[in-house]
Amino acid sequence: MAVLDFYATHPNYNTMIVLNTSHCKENVVSAAAAALDLIKNEQVKAIIGPVTSTQTSFVINLGNQAQVPIISFSATSPSLASLRIPYFIQFAQTDSSQVKAISAIVKAFGWREVVPIYIDTEYGEGIIPYLTDALHEVNARVPYRIVIPSSATDGQILQELAKLMTKETRVFIVHMTTDLSSRLFVKAKEIGMMSKGYVWLTTNDILSKLQSQNSTVIDSMQGVLGVQTFVPPTPELEELKIRLKQHFHTDNPAIGAELNIFGLWAYDAVFAVATAIEQVIGTPTSFPVHESNAASNSSTDLEGFPVSPYGPKFLTALSTVRFEGIAGHFTVVGGKRNSLNFQIVNVNGGGARTIGFWTLKKGLVNTLNSSPGSSKISGSKFEFGPIRWPGDSLSVPKGWEIPTKGKKLRIVVPVKADFTEFVKVAKDPKTNTTVVTGFSIDVFKAALKLLPYDLPYEFIPFANSDGTSAGSYYQMCYQVYLGNFDAAVGDTTIRADRSIYVDFTMPYSESGVAMVVPVIDFKSKHVLAFLRPWTWDLWLTICFFFVYIGFVVWVLEHRINKEFRGPFLHQVGTSVWFSCSTMVFAHRERVVSNLARFVMIIWLFVVLILTINYTASLSSLYTVEQLQPTVTDIEDLVRSRDNVGCIKDAFSCDLLKQVGFDASKLKEFETMKEIDEALSNGTAKGGIAAFVHGTPKAKLFLAKYCSKYTLITPIFKTDGFAFVFPKRSPLVADVSQAILNMTGGEEILNLEKEWLKESSCQDSSDATISSNSRGLGSFWVLFLIAGLTSVLAVVVFVASFIYTHRYVLVQPADSESSTWRKIRALFKIFNEKDLDSHTFRRSNRQQDAVMHSPNNFPGALVHPISDHTDQMNSLFIGEQQTSSIVEVPSDVLLPSNTEVVITVQEMHRTTSNTAQE
């Protein structure tokens, strides 16, 4: 039909091909003999076929020797291309081109393990390396493979399927011939492997011939997913299908005619060969044949056969052929047809329904158009069309199941003498059964309740026949690795050496390793205990501010307040005394400057806050127990060579050895009571100086003995407690997700309160670890405000002083040293009294009042001296003057309680007065 259609559309061609058919009887020997007969006796110039990849691998060598192109339309094994035979052209799409589409499906549904089921022929085995690599790229593992012999009986198929039922993986990829796959699916349905939870994927060959299968096979394949080479629907294709059905119905009414992809490739192969021959020959003539020297009478003699002189030209012509074939655009690149798109189909009802597409450029898409929305966005989940899964299920299978037919999940649990709050193994005396309880057990049970499926299990103690522990946690994990148990549940810490053999879930407890050490009471036992309420940096800051505030007040009061005047040492002492006395608000000196008063308001507020804090802290220090750890650093124990305790067979003992502890200094214990006795005795009496273990157990111990010990944490970093599963177990991800959901809610907090509740003793460990001393960080804002306030006051005072005495600065300079003289003049003025100040003006008014009193003596100035007047005996203004103190006669009446001083001033004669005399 293809030959007739080609020349009907190309009536002007000068050449015409003639087909010579030879049946190869479905074995490689017959195929090789048929090819040899065609090459030698029929002297064909090209061979279209054979059908299978195994037959093709033999025939292509004969074609290569005779330079006769072997054109395959159905051999899809990628191993044929690896032979690099130049005269072999693979018009069929290779199986390696569909593995990317299959792996994209696996990735889209998140399946982590896949089992290939394939035939033990070159066709079946050729795809496996490519399929395995493609699955690894999407993080899907191939735990094992199932190989079905090509001549397998139904019993052998059932035996291999029974092996699959005992495994966890439920995602299978079937790659085999149509006849064998139809028997496989029928048997799988019989034993219940086409039920809910199973996933079956098939390659292109199986679903391409689905319409040729009987109803029993199609019924057994319900829910199967697969890939098919996509052939664009065209009017030419529909017309060809109609004519094919009519032709077959006329010649063979009993045979149904369904044109699959291989028939379309064969149709296009005829068009390609006819086009190439026209390019090479161009005129109707016979092909000249170069005969071999060694002739033979046998038609299948391998020693000599003709070599086609047109082979190289014909091969080149085939490589340049381009046309729109019935199966799509036809191009040959590197001896293979160009890759086509695939459609993802789901067997549902009487046929396969398209649920998506896959292209080499875009990956999974919903439709084969150029719109941007049709392509899958990277990182988003692809949405397939409606899928009917095996067992008429509409929910996506998770891809694995724990085999439950007569078997439960065997979970090993540790056996311990103490710390049974996490795991406790006991015998029920009534039923003589093992009862396992504890915090870890309840967390595991709660996590299983969050899983979207049921998981039957049983707890098995890791114990000897006498009930004692069978080994360490490392040994228990190794038993899971060996396959003796399916999981381990308990207070198992995540460790790097254990993760080599097993996988851990997400941790469900605190992380880190803590150290329990004895505490001693430091109450009133230190001579400098009164300094402990504040840290040294705060003490130094307070001392600095006392001096600083005293200096600021002296600057602001020196010119106007006589209490801040006098000899130098007197002024220093007064300033420091004034500032320090504000701590207890005992200062007697008055401040008269508004700027000084403003500074003192802020400073007194700071002092008030500091006083309140110090009083409260000091009261607590002398009235509350002050427990301090005997040691705070693990390195101190290493240097002092003290004994350190750990739990028997625990990982903490190995950690201590790694940091430098000698084995003789490590003491192993099993119970809390033993640890308490050893800590109480100390190293000197054969005990231990500290106990080291994971934070959860250390806190559990401290809850019972909190009044005697404290917790130093963390001294090492660990990842907490977790559950153990075999490597790459699909349960790890699901249980980890359940644990994360629990830790974000109240359920795990309730379990902690139930199992890990603290004892009733008053725990002082918080005071042990953290210091009660207050540092500068608690008050820096107050000091900042006081400092800025005082600086601002000084700046305002200096600016006002300079402005008032600016005449000193604006005098003309006579020399380079005039600036220094101006500064000295300003300092001299600053050291003098400010007679314009209201404080001194008030003193002068009191003096004038005494001088004008009726009882005043002539020439004498009587003025009362109070506690707040300047007791200056002389005044230096202009020339020196003399003064004397004269007693007041007794008959002069003065106010009571008033001291009277009479100053007799002599008139000073000037030089001019002397001259007048």
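In which helix is leucine 751 found? Leucine 751 belongs to helix H25, residues 747-755; helices here (H or I, at least four residues) and strands (E, at least two) are DSSP runs numbered from the N terminus. The model is a predicted one, in which local features need pLDDT of at least 70 and side-chain atom pairs count only at pLDDT 80 or more, while totals for chains, interfaces and linings use all residues. Residues are numbered from 1 along each chain as its sequence is written, and side-chain values use heavy atoms, with hydrogens and water left out.

Leucine 751 has a relative accessibility of 11% and counts as buried. Buried means under 20% relative accessible area, exposed means over 50%, and partly exposed lies in between, using a 1.4 Å probe and protein chains only. Leaving aside neighbours within four places in sequence, leucine 751 is in contact with Phe439, Asp442, Val443, Met742 and Leu756, where contact means heavy atoms within 4.5 Å. Phenylalanine 439 is 312 residues from leucine 751 in sequence, yet their C-alpha atoms are 6.6 Å apart.

The wider chain can be described in the same terms. The protein chain has 31 helices and 31 strands. Of its 917 residues, 46% are buried. Among contacts with a separation of 6 or more, 71% are between residues 24 or more positions apart.

Next come two packed helices. Such a pair is described by the angle between the axes and the distance between them. Helix H7 (residues 154-165) packs against H8 at an angle of about 60°, with the axes 10 Å apart. That angle makes H7 oblique to H8. Axes are lines fitted to C-alpha atoms, for helices over the stretch in contact, and angles run from 0 to 180 degrees between N-to-C directions. Angles under 35 degrees count as roughly parallel, over 145 as roughly antiparallel, 65 to 115 as roughly perpendicular, and the rest as oblique.

On the H7 side, the contact is made by Asp154, Ile157, Leu158 and Leu161, which meet Leu180, Arg183, Leu184, Lys187 and Ala188 in H8. These residues divide into six nonpolar, no polar and three charged. Ala, Val, Leu, Ile, Met, Phe, Trp, Tyr, Cys and Pro count as nonpolar, Asp, Glu, Lys and Arg as charged, and the others, Gly among them, as polar.

Asp154, Arg183, Lys187 and Glu190 are linked in a network of them, a salt bridge being a side-chain nitrogen of Lys or Arg within 4 Å of a carboxyl oxygen of Asp or Glu. Lysine 187 pairs with glutamate 190 at 3.5 Å, N to O. Both lie in helix H8 (residues 178-190), three residues apart, about one turn of the helix. Lysine 187 is buried at 13% relative accessibility, whereas glutamate 190 is exposed at 52%.

How many salt bridges does a search of the whole structure find? The search finds 14. One of them joins arginine 141 to glutamate 113 at 2.6 Å, N to O. Arginine 141 lies in the loop between helix H6 (128-137) and strand E5 (146-148), and glutamate 113 in the loop between helix H4 (99-109) and strand E4 (115-119), so the pair ties together parts that are 28 residues apart in sequence. Arginine 141 is partly exposed at 26% relative accessibility, and glutamate 113 is buried at 11%.
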